[in-house]
Structures are given as structure tokens and as C-alpha cells.
Amino acid sequence: MRELNRKERAEHLYRVIRSERFLTKQGLGNEVPFFIYPFPAEEGLTMVEDREDLVTRLQHSGTRVLDLNLFDIALDILSERGILEEVLEIEADTSKGEIKELLQGVLDPKAHLVPHIGKAIEATPHDVIFLSGVGEVYPYIRSHNVLNNLQSTAKEAPTVLFFPGSYTHALATGASLELFGQLHDDKYYRAFNILNYEV
């Protein structure tokens, strides 16, 4: 099958998300309504604009989007817990390993990140959830951990994770997320590649 270009991917995404089949979670076989939208990592900056345009188009067509960015959520959590300034101050003189350990604890998906997302889900009427900022929070937050912990919180509406890299399925190795097309993030089986979703 031919690779879709950026414009074709954006149009496919728009048509899929607007479709009744997608919004009513048909054809998922009782799986969680999680979708991966993989895109080439080099398109990271243009993807920000493309996602914002997509949100605007969908809202105009009557599809309500809860647009969540993991990097913004991480900053909110650090601010709420009163440690953002402290992290910024110690960052230059602290090893990357120590910073990583600190942030992974403070931004733990189960204890902190998903409850924060859950509040946004409850507070904002929506038909679909967008999750972006995966590359910006790596390695402090891993996308497969977020998805694993979101399963009980985000099950009413479809969730689309914008992923800078590839999401592949192979019989021998299963499904895997390859961040930036190079870093093997982990095996994650429960999401659908939205580029393969038929309207």
C-alpha cells in the first residue's frame, strides 16, 4: 500500500474522526477506543499546526475535541505541586539520571498524569480526545504507560494519540511503538492505527 503524504493523512484523519462509525466506536471488537496517529518525526513542528487546523475544522463541523498536550499537562502538574521552579533551578547542576528519576516519580501516569487527564475529561464535553506532546515528554513519560493507565479513564470517547514515529504490527513481534522512528518505546497491542481505519 502506498504511503500517504501529509495532506492525504490529514484529510483521512478528518474523514475518519467525523464518521459516525468512529464516534460510536463501531468495529472495535470490545477493545478500548484508542488510536495511534503515527507521523514522521521530522514533521513535528508542522504537526502542531496540522492538529490545530484539524481541531478547528472538527469543531466547525460539530465534533467536539478535547485537545490535551502531555507537555502542558506535565508543566501544570509540576506547578500545582510547587516544584517547577525548583526543577528548573537544579537542572543545570543535576545529572540527567537524577532529573529523569525525579520527573518520572512526580509525573507518574497512574498516580498523577491520568488523574489530571481524568479531571479534564469530566470537565469538558467532548466527542473525541486528542493526546499530543509525546516527543516533548520523552523519556520522563512513556506513551505506552499513558495508554495502559488511561484504559479505565478514557473509555467513553475515542482517544487519538499523535505519535512522532511508527506504530507497527507484525505477527512475529506483535505491535510496537517506535518513537522518532528509532527508539523502541515498547510493545502496545490495544490501539488501532487510525491510518488503517476504514470509514
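Predicted model: local features only at pLDDT ≥ 70, side-chain atom pairs only at ≥ 80, totals over all residues.
Reader: OK, at what angle do H1 and H3 pack?

Author: About 35°, with the axes of H1 (residues 6–18) and H3 (residues 44–60) 11 Å apart. Axes here are lines fitted to C-alpha atoms, for helices over the stretch in contact, and angles run from 0 to 180 degrees between N-to-C directions. Helices (H or I, at least four residues) and strands (E, at least two) are DSSP runs, numbered from the N terminus.

Reader: Is that crossing left-handed or right-handed?

Author: The crossing of H1 and H3 is right-handed. That term applies if the near helix is turned clockwise from the far one by less than a right angle, and left-handed if anticlockwise.

Reader: Which residues meet there?

Author: From H1 there are Arg6, Glu11, Leu13, Tyr14, Ile17 and Arg18, and they meet Thr46, Asp50, Leu54, Arg57 and Leu58 of H3. Contact means heavy atoms within 4.5 Å. By type, the residues of this contact are five nonpolar, one polar and five charged. Ala, Val, Leu, Ile, Met, Phe, Trp, Tyr, Cys and Pro count as nonpolar, Asp, Glu, Lys and Arg as charged, and the others, Gly among them, as polar.

Reader: Buried or exposed?

Author: Ser19 counts as buried because its relative accessible area is 9%. Buried means under 20% relative accessible area, exposed over 50%, and partly exposed in between (1.4 Å probe, protein chains only).

Reader: And what does the side chain of Ser19 reach?

Author: The backbone nitrogen of Phe22, at 3.2 Å. A polar atom of the Ser19 side chain also lies 2.6 Å from the backbone oxygen of Val16. Both are polar contacts, meaning a pair of N or O atoms within 3.5 Å; within protein, one must be able to donate a hydrogen and the other to accept it, and residues adjacent in sequence count only if both atoms are side-chain atoms.

Reader: Switching topic: how many residues are in the largest nonpolar core?

Author: That core has 37 residues, and those with the most contacts inside it are Ile36, Leu113, Ile117, Leu131 and Leu150. Helix H4 (residues 70–80) gives the largest share, five residues. A nonpolar core is a set of buried Ala, Val, Leu, Ile, Met, Phe, Trp, Tyr and Cys residues joined through side-chain atoms within 4.5 Å. Apart from this one lies another core of 21 residues, including Val16, Leu28, Leu54 and Leu58.

Reader: What does Ile117 touch?

Author: Leaving aside neighbours within four places in sequence, Ile117 is in contact with Leu68, Leu70, Ile73, Leu131 and Leu150.

Reader: Which residues of H7 are buried?

Author: In H7 (residues 109–123), Pro109, Leu113, Val114, His116, Ile117, Gly118 and Ile121 are buried. What covers them includes strand S2 (65–69), H4, strand S3 (128–132) and helix H9 (143–150). At the start of H7, a side-chain oxygen of Asp108 comes within 3.2 Å of the backbone nitrogen of Lys110.

Reader: You mentioned S2. What does Asp67 touch?

Author: Asp67 lies in S2 and touches Arg51, Val55 and Phe130, not counting residues up to four places away in sequence. Its side chain makes a polar contact with the side chain of Arg51 at 3.0 Å. Asp67 is partly exposed, with a relative accessible area of 32%.

Key: Residues numbered from 1 in each chain as written. Heavy atoms only, no water.
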